[in-house]
Amino acid sequence: SSSKVSAVVKPENNFPPRVDAGPDKELIYPNVDSTTLDGRKTSDDMGVGGLKVHWKLLSGPETFKMSDPDSLVVRLTQLHLGKYVFELTAVDSQGAEGSDSVTVNVKEDSNQKPKANAGSDVTVRWPDRAAALDGSQSSDDVGVVSYRWEKLKDSPFIGVSIPCLRLAKCFGLVRLRKSSTGPRGSRFCGSTISFRGITLLS
């Protein structure tokens, strides 16, 4: 007697790579004009070692530079204002393909400079030699973080770091300017104190 053995060869179950281009990003220009795209969370049932990957720009300004686009991690530099959309594509050894995209939104800093308000000019009559300045009406869109009173070159006074300033033992003409500082910088506003009469410090 004889018997027959049949062998059925089934095709390999190959799935497309599961591509992960990373989270969307938001950059504040011009403070930051570069970032990194990281696709290392990409996976494949046959292993990532045999994947061929490539990054490309889908939409957005073409004013940027990219390091090696055929690697999972790329560095973007010289970015400008605008919304960039990049796509990462991966192809395995069997030709199965997958892709994912990531958005890089480059926005202009909307933070405004502080508005310093040194208050009204003050007149002090002799024999008084003290005056108070109030800069507490200074404002900033995200909050004032510090104050600095600063004398002009011809004024005999020192600076302090509080919004309300009291002067003592002053003579002549004292001119000050006050700055309020926010996260983005300082803005100055002037205030003048005039003293009537002439006196000398002992």
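How many bridges join S3 to S6, and in which sense do the two strands run? The strands S3 and S6 run antiparallel and are joined by 7 bridges. The points below set this pairing in its context.

1. **Basis of the note.** The structure is a predicted model, in which local features need pLDDT of at least 70, side-chain atom pairs count only at pLDDT 80 or more, and totals for chains, interfaces and linings use all residues. Residues are numbered from 1 along each chain as its sequence is written, and side-chain values use heavy atoms, with hydrogens and water left out.

2. **Overall make-up.** The protein chain holds 13 strands and 0 helices. Both kinds of element are DSSP runs numbered from the N terminus, with at least four residues for helices (H or I) and at least two for strands (E). Of the 202 residues in the protein chain, 30% are buried; buried means under 20% relative accessible area, exposed over 50%, and partly exposed in between, with a 1.4 Å probe and protein chains only.

3. **Surface and contacts.** The protein chain exposes about 12800 Å², and carbon and sulfur atoms supply 50% of that area. Accessible areas come from the Shrake-Rupley method with a 1.4 Å probe, and for residues only the protein chains shown count as cover. Among contacts between residues at least 6 apart in sequence, 62% join residues at least 24 apart; a contact means heavy atoms within 4.5 Å.

4. **The four-stranded sheet.** An open sheet of 4 strands has the order S1-S7-S6-S3, with mixed pairing. Two strands pair if DSSP finds at least two bridges between them. Strands S1 and S3 stand at the edges with a single partner strand each, so one side of each is left without a neighbour in the sheet. From one strand to the next, the twist averages 25 degrees; axes are lines fitted to C-alpha atoms, and angles run from 0 to 180 degrees between N-to-C directions. Serine 59 stands opposite valine 85 in S6.

5. **Strand S5 and its partners.** Strand S5 pairs with S2 in the antiparallel sense over 4 bridges, and threonine 35 stands opposite leucine 76 in S5. Strand S4 (residues 65-66) also runs antiparallel to S5, with 2 bridges between them. Here lysine 65 stands opposite threonine 77, and S4 and S5 form a hairpin with 6 residues between them. In a regular strand the side chains alternate between the two faces of the sheet.

6. **The nonpolar core.** The largest nonpolar core has 18 residues, and those with the most contacts inside it include Leu37, Trp55, Leu76 and Tyr84. Such a core is a set of buried Ala, Val, Leu, Ile, Met, Phe, Trp, Tyr and Cys residues joined through side-chain atoms within 4.5 Å. Two or more residues come from each of S3, S5 (73-77), S6 and S7, and S6 gives the largest share, 4 residues. Beyond its neighbours within four places in sequence, tyrosine 84 is in contact with several residues, among them Leu57, Phe64, Leu79 and Val104.

7. **Salt bridges.** Side chains of opposite charge can pair when their charged atoms come close. The whole structure contains 3 salt bridges, each a side-chain nitrogen of Lys or Arg within 4 Å of a carboxyl oxygen of Asp or Glu. Glutamate 26 and lysine 107 meet in one of them at 3.7 Å, N to O. This pair links distant parts of the chain, with glutamate 26 in S1 (residues 25-29) and lysine 107 in S7 (residues 97-108), 81 residues apart. Glutamate 26 is exposed at 52% relative accessible area, while lysine 107 is partly exposed at 36%.

8. **The other two pairs.** Lysine 56 and glutamate 87 form a salt bridge at 3.8 Å, N to O. Lysine 56 lies in S3 and glutamate 87 in S6 (residues 82-91), so the pair ties together parts that are 31 residues apart in sequence. Lysine 56 is partly exposed at 40%, whereas glutamate 87 is buried at 16%. Aspartate 38 and arginine 40 meet at 2.7 Å, N to O; aspartate 38 is partly exposed at 29% and arginine 40 is exposed at 60%.

9. **A loop glycine.** Glycine 49 is found in the loop between S2 (35-38) and S3 (52-59). At 78% relative accessibility, glycine 49 is exposed.
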